Amino acid sequence: MRPGRRSCRRRMARILVVEDTPANMKLMLLILATAGHSALQAATGRDAIAVALAEKPDLILMDVQLPDMDGLSAARELKALAATRHIPIVAVTAMAMRGDRERILAAGCDGYVEKPIDYRKLLDDIARRIQAGGADRTVP
């Protein structure tokens, strides 16, 4: 460790990225890999549910607008299932209008991140959620 640098131990996580836009998926995978996280992928809400049930990721980054079922519907289904309700879900959205935060949280998401992604904020948010065991719904 270099002098003057703090030891920053972050728990590495398996994260399911649900995103239907290839460029956005590539960006998210790069951000997660750079931080040492491993990523699972799904391009639809139905695929997200199947992958979450099979793989039990530590966290789900869920795009809100998906082709088959929107991300909030997928989040509701995941939170209704005993096998996946404990997995924190962070909505990833371009929506930043008044009331969207409340709507996203009411759907069962534990938080949300706005597009365009600020990778530092995203990684800090992931680290806090993983360290807290995903239970902290107050992380913006």
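## Burial and Asp 125

Buried here means under 20% relative accessible area, with exposed over 50% and partly exposed in between (1.4 Å probe, protein chains only). In this predicted model, Asp 125 counts as buried because its relative accessibility is 3%. Asp 125 is found in helix H5, and its C-alpha lies 9.4 Å from that of Tyr 112, a residue 13 positions away in sequence.

## Basis of the model

The model is predicted, so that local features need pLDDT of at least 70 and side-chain atom pairs count only at pLDDT 80 or more, whereas totals for chains, interfaces and linings use all residues. Residues are numbered from 1 along each chain as its sequence is written, and side-chain values use heavy atoms, with hydrogens and water left out.

## The chain as a whole

The protein chain has 5 helices and 5 strands, taken as DSSP runs (helices H or I, at least four residues; strands E, at least two) and numbered from the N terminus. From the N terminus on, these elements run β-α-β-α-β-α-β-α-β-α.

Of the 140 residues of the protein chain, 43% count as buried. The chain exposes about 7,800 Å², of which carbon and sulfur atoms supply 54%, the areas coming from the Shrake-Rupley method with a 1.4 Å probe. Among contacts (heavy atoms within 4.5 Å) between residues at least 6 apart in sequence, 60% join residues at least 24 apart.

## Helices H1 and H5

The axes of helix H1 (residues 22–34) and helix H5 (residues 119–131) come within 11 Å and cross at roughly 60°, where axes are lines fitted to C-alpha atoms over the stretch in contact and angles run from 0 to 180 degrees between N-to-C directions. That angle makes H1 oblique to H5, given that under 35 degrees counts as roughly parallel, over 145 as roughly antiparallel, 65 to 115 as roughly perpendicular and the rest as oblique. H1 passes H5 in a right-handed crossing, meaning that the near helix is turned clockwise from the far one by less than a right angle.

Met 28, Ile 31 and Leu 32 of H1 make the contact with Tyr 119, Leu 122, Leu 123 and Ile 126 of H5. By class, these residues divide into 7 nonpolar, no polar and no charged, where Ala, Val, Leu, Ile, Met, Phe, Trp, Tyr, Cys and Pro count as nonpolar, Asp, Glu, Lys and Arg as charged, and the others, Gly among them, as polar.

## Helices H2 and H3

For helix H2 (residues 45–55) and helix H3 (residues 71–80), the axes come within 9 Å and cross at roughly 25°. That makes H2 roughly parallel to H3, and their crossing is right-handed. Gly 45, Arg 46, Ile 49 and Ala 52 of H2 meet Ala 74, Glu 77 and Leu 78 of H3, a contact with 4 nonpolar, 1 polar and 2 charged residues.
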